[in-house]
Amino acid sequence: MKKSILVSLMLVLISSIVLTACGGANNKENAGSESAAGTNTEGNAAEAAGPVDIGFFAPQGKAPLEDNEYTKLVEEKFNVKIKWDVAPTDALVDRRQLLLASGDYPEVFLEGKFTTGDLMTYGKQGVLIPLNDLIDKYAPNLKAMMEKKPYMKEAMTAPDGNIYGIPRLNECYHCTHSQKYWMNKEWLDKLGLAVPTTTDELYNVLKAFKTKDPNGNGKADEIPLTGAPDKYVWNGNIDAFLMNSFIYNDNGKYLTVTDGKVDFAANKPEWKEGLAFMHKLYSEGLIDKAAFTQNDQAVGQLGQREGDEIVGSITTALVSYLVKAYEDKDERQKHWVIIPPLKGPNGVQLAGMSQGISEFPMAITNKASEAQQIAAIKIADFAYSEEGALLSEYGVKENVGWKKAESGELNITGQPAKFSFSNLPPADENVVPNNSWTLLGPKDLSKEFRDLFATAQDPLTGAGYEKRLADATAAYAPFAPKEIYPSGAYVKAEDTDTIAQLATSIKDYVTSNMAQFIIGDKDIEKDWDAYVKGFDGLNLPQYIQIYEAAIKK
């Protein structure tokens, strides 16, 4: 009996211990759940209250970005606090590379100047994250623009189907056809000459400019045709415009595309013809000897010198390199007209063409948390809205950097404008502007956005300079080639180093030989075959193959 009672007591005691233990365990689990829930609640509350700290990489401007008015607007609107990592503009890419190599890079590159090769390389490494899902969920404006501009969507989409970078869509009025040619119409009128339409007519005009004293000062001081290396003056190199009367010249890669097949222009017989024509002009003193070496300041001095005008024509995207086209007080700017593409001896008449995407400023790295990723993509998407693009580019304050257009104000095409820059208060010269992210980060600068703004309708006024550029581009549009090599094509990641080396060596070879052929240091007949043979040592077939593979996704 005692034994039975003892056993019963022991069983009760054991049960009590087990229940206590189980209860304790359950309590601990429940406490843990409550603690986790409490932490999540606090985290959610913190996220709701913000701000989300996020690192942005960008070039250093004249004023601190943390004090920028658009920065403050973005921080408030998207509940973020941006920590800026800035680098000098001329050292931006080098600084970016150092950050990536060290592993100590920010969550977001707002302005990283990534090429498609860069995106593929760092995307493959996992340093840059795919943005497809983020764009689908949080970027309706960007997504709509990608559908509206198929070439943009194509440029953004890597061969693996991922999107690693966001571009700045820039369809400026002088960009699409920037390989232009401008001529002094006052000289044409004085000599009774028409605007040339063929290369033969151009030769006759330039000859007249040189020999018939169009500036009327009795001196042989006229320069019929001037230019400058492209690195100083945008498309200022002599061949940028003229070669397109013989064979298509993209002024960079020297690629042509026919039915999707990529070929090379600078070793073709038509290229030889173009060089021979330019040599003829040079040998007769019709091309400025300084055109192969002078910089933009030297060009400006030619056009703005005191006394008589001495320049008859210039190859460049912007005539404002030569004359002060933004200023009405410079009467000389009214003398200059655009010369549409010229028809060559074999009927070739083409306009150099480029697309609105060449590099990608923004990318998000694997350092970014989900909250940072969402904030970053929303900031980018805002700049692809009309409001965001307006405030980002021209400033957050109405009637300071922009204003609503008044009744009667017209845009580039003569339609009613929505916004205007007219009659704004003058800027304080003692204050560095810091109210926008001008040309910083991704944004919508499409033709449609630009067409929202009013402009003076007289293209020969300073205020109408944008219209002059738009009208000039429109004159080139009918001569655009059917196919061009897309600027946003993705070279395969494994080919990026190779193509970088090949592209540099091939371009240097083309440009150096071009100058020698035009000047006459090399004879176009005697030395042409050796020039063509020289491409064998530069792996030209591989160069073409890599670029062709890049457009066959």
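Trainee: A cavity, on a 1 Å grid over the protein atoms alone, is a set of points where a 1.4 Å probe fits but cannot get out. How many cavities of 30 Å³ or more does that rule give?

Mentor: It gives 2 of them. Keep in mind that this is a predicted model.

Trainee: Why roll a probe at all?

Mentor: Because a probe the size of a water molecule, rolled over the atoms, shows where empty space is left.

Trainee: How much space lies in the largest cavity?

Mentor: About 70 Å³. The lining of that cavity has 10 residues, and E154, A155, P486, G488 and A489 are the closest to its centre.

Trainee: Which helix gives the largest share of the lining?

Mentor: Helix α7, residues 150-156. That helix supplies 3 residues to the lining of the largest cavity.

Trainee: New topic, the sheet. What is the strand order?

Mentor: The order is β2-β1-β3-β10. These 4 strands form an open sheet with mixed pairing. β2 and β10 (363-364) are the edge strands, and each of them pairs on one side only.

Trainee: How many bridges join β1 to β2?

Mentor: There are 8, and the two strands run parallel. β2 covers residues 80-87.

Trainee: Which residue of β2 stands opposite I54?

Mentor: I82 does. For D53, the bridge partner in β2 is K81.

Trainee: And what is the sense of the pairing between β1 and β3?

Mentor: Parallel, over 2 bridges. In that pairing F56 has V108 of β3 as its bridge partner, and F57 stands opposite F109.

Trainee: Is β1 enclosed or open to the outside?

Mentor: β1 is largely enclosed by the rest of the structure, because 7 of its 8 residues are buried.

Trainee: Over to the rings. How many aromatic pairs are there?

Mentor: The structure holds 31. Take F57 and F109: their centres are 5.2 Å apart, their planes stand at 65 degrees, and the pair is edge-to-face. It links distant parts of the chain, with F57 in strand β1 (residues 52-59) and F109 in strand β3 (residues 108-109), 52 residues apart.

Trainee: Is F57 buried or exposed?

Mentor: Buried, because its relative accessibility is 0%. F109 also counts as buried, at 0%.

Trainee: What about W528 and Y531, what kind of pair do they make?

Mentor: A tilted one, because the ring centres are 5.0 Å apart and the planes meet at 45 degrees. Stacked would need under 30 degrees, and edge-to-face over 60.

Trainee: Where do W528 and Y531 lie?

Mentor: In helix α18, residues 528-534. They are 3 residues apart, so about one helical turn separates them. Both W528 and Y531 are buried.

Trainee: Which residues make up the ring cluster?

Mentor: Ring pairs link Y254, F264, W271, Y485, Y509, F517, W528, Y531, F535, Y543 and Y547.

Trainee: Next, lysines over rings. Which ring does K280 lie over?

Mentor: The face of Y203, at 4.1 Å from the ring centre. In another case, the charged end of K367 sits over the ring of Y105, 4.1 Å from its centre.

Trainee: What about backbone angles? What is the phi of N79?

Mentor: About 55 degrees, which is positive although N79 is not a glycine. Most residues other than glycine have a negative phi.

Trainee: Where is N79?

Mentor: In the loop between α2 and β2. N79 counts as partly exposed because its relative accessibility is 25%.

Trainee: And N423, what is its phi?

Mentor: Near 55 degrees, again positive in a residue other than glycine. N423 is in the loop between β12 (419-420) and β13 (444-445).

Trainee: Is N423 buried or exposed?

Mentor: Exposed, because its relative accessible area is 71% and the cut-off for exposed is over 50%.

Trainee: Last one. Where is E171?

Mentor: In the loop between β4 (169-170) and β5 (181-184). E171 counts as buried because its relative accessibility is 13%, and the cut-off for buried is under 20%.

Trainee: How far apart are the C-alpha atoms of E171 and E409?

Mentor: They are separated by 22 Å. Along the chain, E171 and E409 are 238 residues apart.

Key: Residues numbered from 1 in each chain as written. Predicted model: local features only at pLDDT ≥ 70, side-chain atom pairs only at ≥ 80, totals over all residues. Heavy atoms only, no water. Phe/Tyr/Trp six-rings, centres within 6.5 Å; stacked < 30°, edge-to-face > 60°. Buried < 20%, exposed > 50% of the residue type's maximum accessible area, 1.4 Å probe, protein only. Lys NZ or Arg CZ within 6 Å of the ring centre and 35° of its normal. Pairing = 2+ DSSP bridges. 1 Å grid on protein atoms, 1.4 Å probe; cavity = no way out; pocket = protein on both sides within 12 Å on 5 of 7 lines; lining within 4 Å. Points joined across faces, edges and corners; volume = space filled by probe spheres on them.
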